[in-house]
Structures are given as structure tokens and as C-alpha cells.
Amino acid sequence: MTIQTWDTQRYQAQHDFVWQYGAALIDLLTPQPGERILDLGCGLGQLTHALAETGALVEGIDADPAMIDQAQQNYPELTFRRADARDFEVASPLDAVFSNAVLHWVSEPEAVIQAVGRALKKEGRFVAEFGGKGNVQAIVSAVEACLHCPSFWYFPSVAEYASLLESNGFEVMFATLIDRPTPLKAGDQGLANWLRMFGDRFFANLSEADTISVIRQVEDRVRSRLYQNNGPNSGWIADYRRLRIVAIKLGDA
């Protein structure tokens, strides 16, 4: 599979639900004025900005240079830099690491947890939400059936991810799996736009004609389950499931 690339304009215009749903995660973090917080996988910076408005000292990192460039344009008063979730470093220990809709993109979850642990001070908080077991299962199954290849996302169960955290020096304070059926923008084109935004790795080696053909096949396979026919308000619903966790670093080891 090729590396995921991002169309920042499409992301901002048609997939803003990603950060909007993530705003509720800030309540679990309970950021305090003066705390040093890292937004891991900051995307276009909307939640980095929301964290900064609480008075916390926030930095955003993301592996994608286009995302970082756009985030810096969106919020020039904040600090953003390119870094990998698996091996990022910070200048001094943090009070918290915050992450929304990112960790399912990383197929080496233990490396991420270890990097977070190195970045946090003792009793520092790790608060994250990402795709959990069963996330977009109908869409994933349809794509896999059409292309005869496995997906590239990491969607763990509560038990799997909690075990990884506990074996790497964290105490899990809260963990839950949330069903979140999510309306997609653009009406009849909603699922096609979603696939082109988040599944471009699937189509990297296909011609445009073949890509369109696969997308149409996927739509046919999931239409009865994921398409809502409500007249002028008709559209696609993505079968999202989100894993939400709060964990505390136990020590400096």
C-alpha cells in the first residue's frame, strides 16, 4: 500500500465532522491554564486551537506536511510541526497528550503508546479517540470484497488497546466503544467523497475509470444498510464506531 495523502481543502470542506465530534473529547481531558499539552495528529488545527483557548500551552504535530502547512495558516499564533506518532520527541515532559481520529492510521500502536509515555511526565494524561473494533465495518468489508485485499486501518477492541496501555506503564481510567452513525456531506456523492478522502490507498494503483467502477460496486453493496432515502435530505451514513480512552502514566520507567 502507498502512503496516505491528504486533500486539505476537501478535508476542511466536506469532512469537518471529524474534528467537530472530537471537540467533546476536550471535556475528558479537562485542560488547565498553563498545562503543556500536545495535540497528536492535529490535522488542520481546529482542536489545537480549542485547547489553546482554555489557557493551556499547546503544540500540534502531524505526519502530513500539507496538514501542518494549512494548520499553520489557519492559526499562525500557534506552534505546529511535522512529526511521526511512533517516534516523536518533546523538549520537556508534558502534562497531557491529546489525540483525535488519528491512531487508527498507525499500524504500530505499541510504538505510539511508548512515544506518548516518553513524552509525558509522571501522572501525565493520555486522552484519545479513534476508530475502534467494527468501525466502518460495512464499508471496509465491501471494499475488501471488491478489491480482494485487506484494509490498512487499525481498529482495536477496548480490551486489546487497554492491555497495550497497561503493559507499557499506563493505568486505564476510562475506555469505551461508541457507536456513532455519521451523516456524510454531498448527498448522493457522500460515500464516494469519503472513499476518495480516507481510502485513497486502495485506489493508488487503479485508473480513474477503475476507481469509479470500484466505488460504484461498494455503493451497491452497502446501499441497503447505509443510504437513507429522505427526499431532499437523502444521503449516506457511515457506520462509525469510536474507541475513547483516558489513561495515566504511572511512572518514569
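## Helix packing, core and rings

Modeller: What covers the buried residues of H7 includes helix H9 (190-198), H10 and strand S8 (235-249). Keep in mind that this is a predicted model.

Colleague: Which residues of H7 are buried?

Modeller: They are Ala 138, Ile 139, Val 140, Ala 142, Val 143 and Cys 146.

Colleague: At what angle do H7 and H10 pack, and how many Å apart are their axes?

Modeller: Two packed helices are described by just those values, the angle between the axes and the distance between them. Here helix H7 (residues 137-147) meets helix H10 (residues 208-226) at about 145 degrees, and the axes are 9 Å apart.

Colleague: Is the crossing of H7 and H10 left-handed or right-handed?

Modeller: Right-handed.

Colleague: Which residues make the contact?

Modeller: From H7, Ala 138, Ile 139, Ala 142, Val 143, Ala 145, Cys 146 and Leu 147. From H10, Val 214, Gln 217, Val 218, Arg 221, Val 222, Arg 225 and Leu 226. By class, that contact has eleven nonpolar, one polar and two charged residues.

Colleague: What does Val 218 contact, leaving aside its neighbours within four places in sequence?

Modeller: Ala 142, Val 143, Cys 146, Leu 191 and Leu 195.

Colleague: And just after H7, what phi does His 148 take?

Modeller: A positive one, about 55 degrees.

Colleague: Let's switch to the largest nonpolar core. Which of its residues touch the most other members?

Modeller: Ile 139, Trp 153, Leu 191, Trp 194, Leu 195 and Val 218 do, in a core of 29 residues. H7, H9, H10 and S8 each supply at least two residues of this core. Another core, of 28 residues, lies apart from it, with Leu 103, Tyr 161, Leu 165 and Ala 247 among its residues.

Colleague: Now the rings. How many aromatic pairs does a search of the whole structure find?

Modeller: The search finds 14. One of them is Trp 105 with Trp 153, an edge-to-face pair. The centres are 5.9 Å apart, with 70 degrees between the planes.

Colleague: Where do Trp 105 and Trp 153 sit in the chain?

Modeller: In distant parts of the chain, 48 residues apart. Trp 105 is in the loop between strand S4 (94-100) and helix H6 (109-119). Trp 153 is in the loop between H7 and helix H8 (158-166).

Colleague: Why does Trp 105 count as buried?

Modeller: Because its relative accessible area is 17%, and buried means under 20%. Trp 153 is buried too, at 12%.

Colleague: What about Trp 194 and Tyr 240, what kind of aromatic pair do they form?

Modeller: Edge-to-face, 6.5 Å centre to centre, with 90 degrees between the planes. Trp 194 belongs to helix H9 and Tyr 240 to strand S8, so this pair ties together parts 46 residues apart in sequence. Trp 194 is buried, with a relative accessible area of 3%. Tyr 240 is buried as well, at 8%.

Colleague: Which residues do ring pairs link into a cluster?

Modeller: Trp 105, Phe 152, Trp 153, Phe 155, Trp 194, Phe 198, Phe 202, Phe 203 and Tyr 240.

Colleague: Last topic. Where does Arg 223 lie?

Modeller: In helix H10. Arg 223 is partly exposed, with a relative accessible area of 36%.

Colleague: What separates the C-alpha atoms of Arg 223 and Ile 237?

Modeller: A distance of 9.7 Å, for two residues 14 apart along the chain.

Definitions and conventions:
Residues numbered from 1 in each chain as written. Predicted model: local features only at pLDDT ≥ 70, side-chain atom pairs only at ≥ 80, totals over all residues. Heavy atoms only, no water. Axes fitted to C-alpha atoms, helices over the stretch in contact; angles between N-to-C directions. Helix = DSSP H or I, 4+ residues; strand = E, 2+ residues; numbered from the N terminus. Left-handed = near helix turned anticlockwise from the far one by under 90°. Contact = heavy atoms within 4.5 Å. Nonpolar A, V, L, I, M, F, W, Y, C, P; charged D, E, K, R; others polar. Buried < 20%, exposed > 50% of the residue type's maximum accessible area, 1.4 Å probe, protein only. Core = buried A, V, L, I, M, F, W, Y, C linked by side-chain atoms within 4.5 Å. Phe/Tyr/Trp six-rings, centres within 6.5 Å; stacked < 30°, edge-to-face > 60°.
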